[in-house]
Amino acid sequence: MKIAYFWLTKKGKQTAELIMKVYGGTLYGKEAFSENVKAAFYSYDALVFFMATGIVVRTIAPFLQSKVTDPAVIVSDQNGKYVISLLSGHLGGANALACKIARVTGGEPVITTATDVQGVLAFDEVAKRNRLYIENLSELKWISGAMLEGKQIQLYSDIPLKEQPLPVQILVSKEKKLPYQVCITDKILPEEPNQKRLLLRPASIVVGVGCKKYTDSTELINCFLHFLQEHRLSVHAVAMIATISLKAHEPAILDLCEQYQIPLKIVANEQIQKCTYPFAASEFVASVAGVSSVSEACSYLASGQGDVLTGKVKYPGITFAACRKKMSPIVLEETE
């Protein structure tokens with residue numbers, strides 16, 4: 001975590017330096033205070049202030065955007081006696097960082113998020129812990145509210161859960177349909193009437209792609225979205241796009257990766273040639289690319305020889321294939 005520290009008094013500076021020795025980061029003083037805060041807000045993971053809360057609130061107010069993108073903001077008195085998680089408690093990690101800082105200063109962390117106060121499982125924290133993408137953040141308030149009211153929540157997960165005691169409110173089931181549901185899945189699920197459903201997407205899908213030289217970017221992207229829709233796969237679960245070295249600089253593939261912020265993985269021809277999986281072979285592709293399979297082979301090998309979800313799916317001048325990576329078990333709650 002990249003941390004910026006801000007101080008206004010000599011004692012505040014000493015306390016900030018104490019924390020910085022443990023967790024690293026960058027120290028800022030009084031000079032150009034507002035300008036430095038603004039720059040740090042957009043370039044650091046966490047901002048830690050040793051000063052009055054009112055000063056901090058007035059300074060950062062113009063920069064606030066969303067709990068998804070705002071950095072963690074922690075405010076402490078100059079002595080580190082009270083360490084307040086002010087902003088982005090779960091997704092930004094402010095709650096956890098406030099607790100860590102308080103342990104160093106011997107102070108008291110001040111956490112005000114309702115789920116933490118009542119000791120209720122927070123699914124935005126689950127998402128952060130397991131690197132899951134929250135596809136519909138607006139549903140989180142309904143799930144958290146139901147948990148706080150003591151209602152039962154159905155948990156559906158395509159990824160195995162780590163063996164650990166579960167809160168009594170959590171029912172792990174794929175069959176029973178409760179009004180409040182949390183789904184950890186890369187699949188697009190059918191709509192359920194009268195159900196509040198939080199979708200958490202694992203980065204589990206690897207899509208292999210092949211295409212003709214200078215394929216139109218818009219055409220490739222449209223085919224990509226159609227491919228995912230046809231196979232009921234969420235674009236937010238695509239961990240990487242994979243192709244061969246011949247296509248490493250193909251503009252349409254690079255545009256696809258840039259538009260959806262998906263990493264591109266290049267699979268060497270030698271890997272494909274050595275692989276014994278029975279891919280659908282093409283003599284024409286072999287004559288052009290040096291390997292008889294592109295999209296299928298790349299998705300399979302880049303996924304670590306994961307679960308095959310599709311074979312080669314053809315569009316005019318374009319092919320796609322998808323595999324699912326082996327995923328680590330989901331950890332619902334951290335245990336000491």
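Trainee: What is the phi of G304, the residue that follows α12?

Mentor: The general idea first: most residues other than glycine have a negative phi, and most peptide bonds are trans. Here, α12 is followed by G304, whose phi is positive, near 75 degrees. Helices (H or I, at least four residues) and strands (E, at least two) are DSSP runs, numbered from the N terminus. This is a predicted model, in which local features need pLDDT of at least 70 and side-chain atom pairs count only at pLDDT 80 or more, while totals for chains, interfaces and linings use all residues. Residues are numbered from 1 along each chain as its sequence is written, and side-chain values use heavy atoms, with hydrogens and water left out.

Trainee: Which residues other than glycine have a positive phi?

Mentor: Among them are N194, with phi near 60 degrees, and Q305, with phi near 55 degrees. N194 is in the loop between β10 (180–184) and β11 (196–201), and Q305 is in the loop between α12 (295–302) and β15 (307–308).

Trainee: Is N194 buried or exposed?

Mentor: Buried means under 20% relative accessible area, exposed over 50%, and partly exposed in between (1.4 Å probe, protein chains only). N194 counts as exposed because its relative accessible area is 78%. Q305 has 47% relative accessibility, so Q305 counts as partly exposed.

Trainee: How many residues of α12 are buried?

Mentor: In general, an α-helix has 3.6 residues a turn, so residues three or four places apart point the same way. In this structure α12 is mostly covered, with eight of its eight residues buried. Those buried residues include S295, Y300 and A302. They pack against β12, β13, β14 (264–267), α10 (269–274), β15 and β17. Over the whole protein chain, buried residues make up 47% of the 336 residues.

Trainee: Which residues does A252 touch?

Mentor: A contact means heavy atoms within 4.5 Å. Not counting residues up to four places away in sequence, A252 touches T215, D216, S217 and L220. A252 lies in helix α9 and counts as buried because its relative accessibility is 0%. A252 and M51 are 201 residues apart in sequence and 50 Å apart in space, C-alpha to C-alpha.

Trainee: Where is K247 found?

Mentor: K247 is in the loop between β13 (238–244) and α9 (251–260). Its relative accessibility is 10%, so K247 counts as buried. With residues up to four places away left out, K247 touches C211, K212, K213 and I253.

Trainee: Which residues lie nearest the centre of the second largest pocket?

Mentor: Rolling a probe the size of a water molecule over the atoms shows where empty space is left. On a 1 Å grid over the protein atoms alone, a pocket is an open set of points where a 1.4 Å probe fits, with protein on both sides within 12 Å along at least five of seven lines; lining residues have an atom within 4 Å of a point. The second largest pocket is lined by 25 residues, of which G210, C211, K212, F284 and V285 lie nearest its centre. C211 and K212 are also among the residues that K247 touches.

Trainee: Which element gives the most to that lining?

Mentor: α11 gives the most, with four residues. β12 (205–211), α11 (283–289), β16 (313–315) and β17 (318–324) each supply at least two residues.
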